[in-house]
Amino acid sequence: AEVVLADGVPSEGDRLVQPALARTLRVLAEDGADAFYVGDLGTRFVDGLRALGTPISTDDLAGHTADLLSPLRGRYRDLDVSVTPPASQGFVLLEALAAVERLEIDPDPIGSDATTLARILVAASSDRDRHLADPRAMTIHVPGLLDDGHIAALCDVVLGGLTGHPGSSSVRDHVLGRPHVPGDTVALVTADADGWGVSLIQSLYSGFGAGILEPSTGIVPHDRGACFTLEPGHPNELAPGKRPAHTLMPVAVHRDGDLVALAGTRGGHAQPQIDLMTLVRAFDLGLGASFGREGFRVEPLDHEDRAVGHAQLLRLDGGVLSVGSDPRADGGALAS
């Protein structure tokens, strides 16, 4: 039976029933995406949001298109690392991996070159902050950020302590300068016995997305529009018809054409750092897919802090399957 609470807010242990959302999911399962984008479901969604003060129209839904894009690939040692292309920040991971290899540093996140590793991540993240946007609006495209000349220049500023670089503030200031907003992101990785795999990240961005529930459909809209900037002339400046830069970056790793790993994490702008730590932990340090409770501790953040993400890793290396889920998350790992 449906539980109705006097204040409308469920307590731990209460049963949460969402009949409107259940009906929506049933319609989508039976009629497909068109039921939302050009059908009655979308019309009711728009009407409900407009009644709440949101200036959305059915033309906005009907004009939506989904792009099926090829992954962005980079080389790290004997591995081919694939990430989502812009408007995703995935290229930041490829930049950082290329710099780690070029500088021949100790990739252990708590090793002798930890400061250099942090500077690499700051410099690569600065490229994201300056250039990432809807790919139709970017003025510097990703191949230019991943070519040998740019990686060499990035390494030069890293070795120079980031002097004169847009990321020249201290590493501590860069890491702690961003306000931490509770997120609503989940990452999962899975593979079958035939070598097919999926790395998936789903997110409403902030907790409960836009903070609005459209009552007739039960849908909670995301608030990825918060990732736009209001800086005039920036490639990611808010404008009609644009897609915002975003942080979601599932990862796949191949060796000689064979899938050997899938990775993913929550963590917003920290995802490139978390995935970098995950991959070097697995392939350079040979630590497998298991995560110790202290495995991703980042000072001065407590190891339970959600700001350092929740990594998921699956390996299919040498015919052996191993899986791991960050113990700070509410997920788990299962192999059968």
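**Notebook: aromatic rings, strands and cores**

The model I am reading is predicted.

I then looked up how these rings sit. Two aromatic pairs are counted. In one, the ring centres of Phe36 and Tyr37 are 5.1 Å apart with the planes at 85°; the pair is edge-to-face because planes over 60 degrees apart count as such. In the other, Phe36 and Phe45 are tilted, at 5.2 Å centre to centre and 55° between the planes. Phe36, Tyr37 and Phe45 make up one aromatic cluster.

Phe36 has a relative accessible area of 15%, so I noted it as buried, the limit being under 20%. Tyr37 has 29% and is partly exposed.

Next entry: strand S2, residues 79-83. Is S2 enclosed or open? Four of its five residues are buried, so the rest of the structure largely encloses it. I looked up its partners. Strand S1 (residues 72-76) runs antiparallel to S2 and is joined to it by five bridges, with Leu72 opposite Val83. Two residues separate S1 from S2 in a hairpin, and Arg77 in that turn has a positive phi of about 55°. S2 also pairs with strand S5 (residues 251-255), antiparallel, through four bridges. There Val83 has Val251 as its bridge partner.

I went on to the cores. The largest nonpolar core has 44 residues, and Val81, Leu93, Val251 and Leu279 touch the most other members. Helix H5 (residues 91-103) supplies the largest share of this core, nine residues. For Leu93 I listed contacts beyond four places in sequence: Val81, Val83, Met249, Val251, Pro272, Asp275, Leu276 and Leu279. Another core, of eight residues, lies apart from the largest one and includes Leu41, Val46, Ile56 and Ile219.

Helix H6 came next. H6 covers residues 114-131, 18 residues in all, and spans 26 Å from first C-alpha to last, close to the 26 Å expected. Its buried residues include Thr116, Leu117, Ile120, Asp127, Arg128 and His131.

Last entry: the hairpin of S7 and S8. Strand S7 (residues 310-317) and strand S8 (residues 320-325) run antiparallel, with six bridges between them. Two residues lie between these strands, and Gly318 in the turn has a positive phi of about 65°. Which residue of S8 is the bridge partner of Arg315? I found Ser322. Arg315 also lies over the face of Phe283, 4.4 Å from the ring centre.

Definitions and conventions. Residues are numbered from 1 along each chain as its sequence is written. This is a predicted model: local features need pLDDT of at least 70, side-chain atom pairs count only at pLDDT 80 or more; totals for chains, interfaces and linings use all residues. Side-chain values use heavy atoms; hydrogens and water are left out. Two strands pair if DSSP finds at least two bridges between them. Buried means under 20% relative accessible area, exposed over 50%, partly exposed in between (1.4 Å probe, protein chains only). The expected span of a helix is 1.5 Å times one less than its number of residues. A nonpolar core is a set of buried Ala, Val, Leu, Ile, Met, Phe, Trp, Tyr and Cys residues joined through side-chain atoms within 4.5 Å. Contact means heavy atoms within 4.5 Å. Rings of Phe, Tyr and Trp (its six-membered ring) pair if their centres lie within 6.5 Å; planes under 30 degrees apart count as stacked, over 60 as edge-to-face and the rest as tilted. A charge sits over a ring if NZ of Lys or CZ of Arg is within 6 Å of the ring centre and within 35 degrees of the ring normal.
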